[in-house]
Amino acid sequence: MTTSIIPAAGRGTRLNSSLPKALIPVVGKPMIVWTVEAFERTPIVDKLVLVAPNEFISKFEQLSRENQWQKVAAIVAGGSDRQQSVWNGLQAMPDETDWVIVHDAARPLVKPSLIVAVWEAANEIGTGAIAALPCSDTVKRSLDGVLISETLDREQIWLAQTPQVFSVDLLIEAHEQAIKEGYSATDDAMLVERLGIPLRLVMGDPTNIKITHPIDLLLAEAIIACEL
Ligand code: CTP
Ligand code: MG
């Protein structure tokens, strides 16, 4: 069984919005509705665990009823950071889960074909896989934010997206290890990489943008207008 965890408990500080980010409308529908619909339409996804801001759990339940989502197994409260939110989601997964897909609610334009491609790569390698894009900018490292320390080899740089797919035991072990060591990461692959486990890169999709700043909402609307 494959279960998707959708961390959606962020506040959206960089969007300067009073609503939590996942509930902000994108072309008339809350962001979380776009995201969940993509997973509802993806055949290899059996169940969904939604991680919501604590005081918006009933709002998420209402959306699930209204939209007649078939796969939602649980809606749980998030934690103080993304990693804690994913951990809360892991606790609520159905016991039969073999593969976990973690996908940010903040990437509402994800396509079912990308979800399937990452899942297939994870199954092939047996550990896990993530969507990522080759970097098109020249990348500088700076130790102090003022002077350039070095230029990294762009050919070796990939920008991580979600979905990220892992075998369930591996992802749980990676989170447990991170908790034990007080380590925090900005995606789940980082936690698994630390265990020395190989993970596959799968070519991501430039339209699978993460809504972070106000301009990303405009970009999302433009992408939707082009694809409709
Ligand atoms: N997230 C979460 N729980 C948190 C923080 C983030 O579930 N405590 C989720 C967000 O809802 C989002 C994803 O993790 O789907 C990526 O986070 P990000 O883009 O940083 O969203 P926010 O944390 O909401 O935005 P900001 O950092 O600007 O406040
Ligand atoms: Mg954040």
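Trainee: Is W158 buried or exposed, or partly exposed?
Mentor: This is a predicted model, where local features need pLDDT of at least 70, side-chain atom pairs count only at pLDDT 80 or more, and totals for chains, interfaces and linings use all residues. Residues are numbered from 1 along each chain as its sequence is written, and side-chain values use heavy atoms, without hydrogens and water. Buried means under 20% relative accessible area, exposed over 50%, and partly exposed in between (1.4 Å probe, protein chains only). W158 has a relative accessible area of 35%, so W158 is partly exposed.

Trainee: Which residues make the nonpolar surface patch of about 290 Å²?
Mentor: Patch residues have over 30% relative accessible area and no salt bridge; nonpolar side chains (Val, Leu, Ile, Met, Phe, Trp, Tyr) are joined within 5 Å, like charges within 9 Å. Areas come from the Shrake-Rupley method with a 1.4 Å probe. The patch is made by W158, L201 and M203.

Trainee: Which element gives the most to the lining of the largest pocket?
Mentor: A pocket is an open set of points on a 1 Å grid over the protein atoms alone, where a 1.4 Å probe fits, with protein on both sides within 12 Å along at least five of seven lines; lining residues have an atom within 4 Å of a point. The lining counts 31 residues, with G10, R14, K21, R82 and K210 nearest the centre. Strands are DSSP runs (E, at least two residues), and helices are runs of H or I, at least four. With four residues, the most comes from β10.

Trainee: Where does D104 lie, given its salt bridge with R82?
Mentor: A salt bridge puts a side-chain nitrogen of Lys or Arg within 4 Å of a carboxyl oxygen of Asp or Glu. Here the closest N and O atoms are 2.9 Å apart. R82 is in helix α3, 22 residues away, and D104 is in the loop between β6 and α4.

Trainee: Which residues are linked with D104 in a network of salt bridges?
Mentor: The structure holds nine salt bridges. The network that includes D104 also takes in R82 and D188.

Trainee: How many residues apart in sequence are the parts tied by E181 and R194?
Mentor: Their side chains meet in a salt bridge of 2.6 Å, N to O. E181 is in helix α5 and R194 in the loop between α6 and β11, so the parts tied together are apart by 13 residues.

Definitions and conventions. Chains lettered and ligands numbered in written order.
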